[in-house]
Amino acid sequence: MIERYTLPEMGEIWTDDFKLKTWLQVEIAVCQAQAELGYIPTEAVEEIKAKAKFDLKRVLEIEAEVRHDVIAFLTNVNEYVGDAGRYIHLGLTSSDVLDTALALQMVASLDLIQHQVEELVQAIRYQAGQHRNTVMVGRSHGIHAEPMTFGFKLAGWLAEVLRHRDRLCHLQSQIAVGKISGAVGTYANIDPKVEELACQYLELQPDCASTQVISRDRHAEYLQTFALLAASIERFAVEIRNLQRTDVLEVEEYFAKGQKGSSAMPHKRNPIRSERLTGLARIIRGHAIAALENVALWHERDISHSSVERVILPDACILLHFMLHEITNLVKNLLVYPENMKRNMNVYGGVIFSQRVLLALVAKGLQREEAYKIVQESAHQAWNNPDGDFRNLISQHPQVTQSLSPEEINACFDPHQHLRHLDRVYQRLSI
């Protein structure tokens, strides 16, 4: 069995040494199943388990001659096992070992990714709670819209990551699949019960209908799910980048003591981690496309997918795990500037409260088009003036003062009117 939760690093899972360890696990699991069903002697299995090992350097040396990785591996293992080695790989084809072992690597990687997603969930949940009442301006099209809170923005991030957590749980069942079914999947030289037992030993499910390989729609789903999670990380990173702009500066990446932002401009504090995440998400999306290309193999199998997977699977797993570490640390250490949020919210005299004024006028009997025109004219007058003050203009507009009292006008500019239903969202997410 793979020690899933004691793996020190994601990168180790995708080393040649670890890969060959999984191959050996699959071969031994099949031997155990064969012995349990009476197809090979139990003593032979015990001898195989006691003696079976490999030397990576020797495997590569043999492979350079025979040009076949599995044959090279088996040749080296049999150099250690001796006569009992004739029972190893009995009735199997190479892909029985390769695909079943690959599933073990993918499951082990997924375990680490799921663990890191939980870390991200906790980091976002904490910050969302801390800034539950930190009022800021919401934006649409990059333009000021209406008041919200920074905690509410983070609540949206949390809901998104929780959906990814559910997708990863589903993915576990789709990828934890092995096959020991022979050259074209017909079990011509192997009992299906061997597959059932071997997969049970390896904590996998038998593929319900394999060819020579496990169909690559499973692997494509794996990469697409990763790409979707990477896209969300990119969304969070792009938001941080936008909010860190000098003219906004509502949040900022933590800037360590001694860190430099530019070789030429000493004042610079750049959102380099967020920018890095944006770039890495592009790579994973590209790998997802390559995985889709791998689905259409010739007949019962060709090897056009093999070279691709040797690149995209290690790459995607290692990159996504790194991205999750980065975004988690970024969120945990994010610098938040409530005073700047307040300043930005009230630029041009609070034009973001225009809808509250519009609705108040309509409630007093004005036609909506008429009220809209009054409010829009005042808002645009304030917007186009460096010293523009929408609230002052509205408070002095004769048609407004005829309809609304000073107290009613003031109420339109109370940001908490926009936040009164947010508790319902926080409750849904247990914030």
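Visitor: Which residues does L320 touch?
Guide: Leaving aside residues up to four places away in sequence, L320 touches I113, F226, L229, A230, I233 and I284. Contact here means heavy atoms within 4.5 Å.

Visitor: What kind of model is this, and how are residues numbered?
Guide: It's a predicted model, where local features need pLDDT of at least 70 and side-chain atom pairs count only at pLDDT 80 or more, while totals for chains, interfaces and linings use all residues. Residues are numbered from 1 along each chain as its sequence is written, and side-chain values use heavy atoms, with hydrogens and water left out.

Visitor: OK, back to the inside. How many residues are in the largest nonpolar core?
Guide: That core has 133 residues, and L320 is among those with the most contacts inside it, along with I48, F73, F150, Y222, F226 and F390. Helix 6 (residues 94-130) gives the most to this core, with 17 residues. A nonpolar core is a set of buried Ala, Val, Leu, Ile, Met, Phe, Trp, Tyr and Cys residues joined through side-chain atoms within 4.5 Å. Buried means under 20% relative accessible area, exposed over 50%, and partly exposed in between (1.4 Å probe, protein chains only). Helices (H or I, at least four residues) and strands (E, at least two) are DSSP runs, numbered from the N terminus.

Visitor: F73 is on that list. Is F73 buried or exposed?
Guide: F73 counts as buried, at 1% relative accessibility. It's one of the buried residues of helix 5, which also include D69, V70 and A72.

Visitor: And what covers them?
Guide: The cover includes helix 2 (16-36), helix 3 (42-51), helix 4 (56-66), helix 6 and helix 11 (304-332).

Visitor: How far apart are the ends of helix 5?
Guide: The end C-alpha atoms of helix 5 (residues 69-81) are 18 Å apart, which agrees with the 18 Å its 13 residues should span at 1.5 Å a residue. The expected span is 1.5 Å times one less than the number of residues. Just after helix 5, G82 takes a positive phi of about 85°.

Visitor: How many aromatic pairs turn up?
Guide: Seven, from a search of the whole structure. In one of them, the rings of W23 and F73 have centres 5.4 Å apart and planes at 85°, so the pair is edge-to-face. W23 sits in helix 2 and F73 in helix 5, so the pair ties together parts 50 residues apart in sequence. Rings of Phe, Tyr and Trp (its six-membered ring) pair if their centres lie within 6.5 Å; planes under 30 degrees apart count as stacked, over 60 as edge-to-face and the rest as tilted. Ring pairs also link W23, F54 and F73 into a cluster.

Visitor: New topic: where is C412?
Guide: C412 is in helix 17 (residues 406-412) and is buried, with a relative accessible area of 5%. Not counting residues up to four places away in sequence, C412 touches F353, R356, V357 and A360.

Visitor: How confident is the predictor in the chain?
Guide: The chain averages a pLDDT of 93, and 96% of the residues score at least 70. Over residues 1-5, though, the pLDDT is below 50. pLDDT is the predictor's confidence in each residue, from 0 to 100. Where pLDDT is low, the predicted coordinates should not be read in detail.
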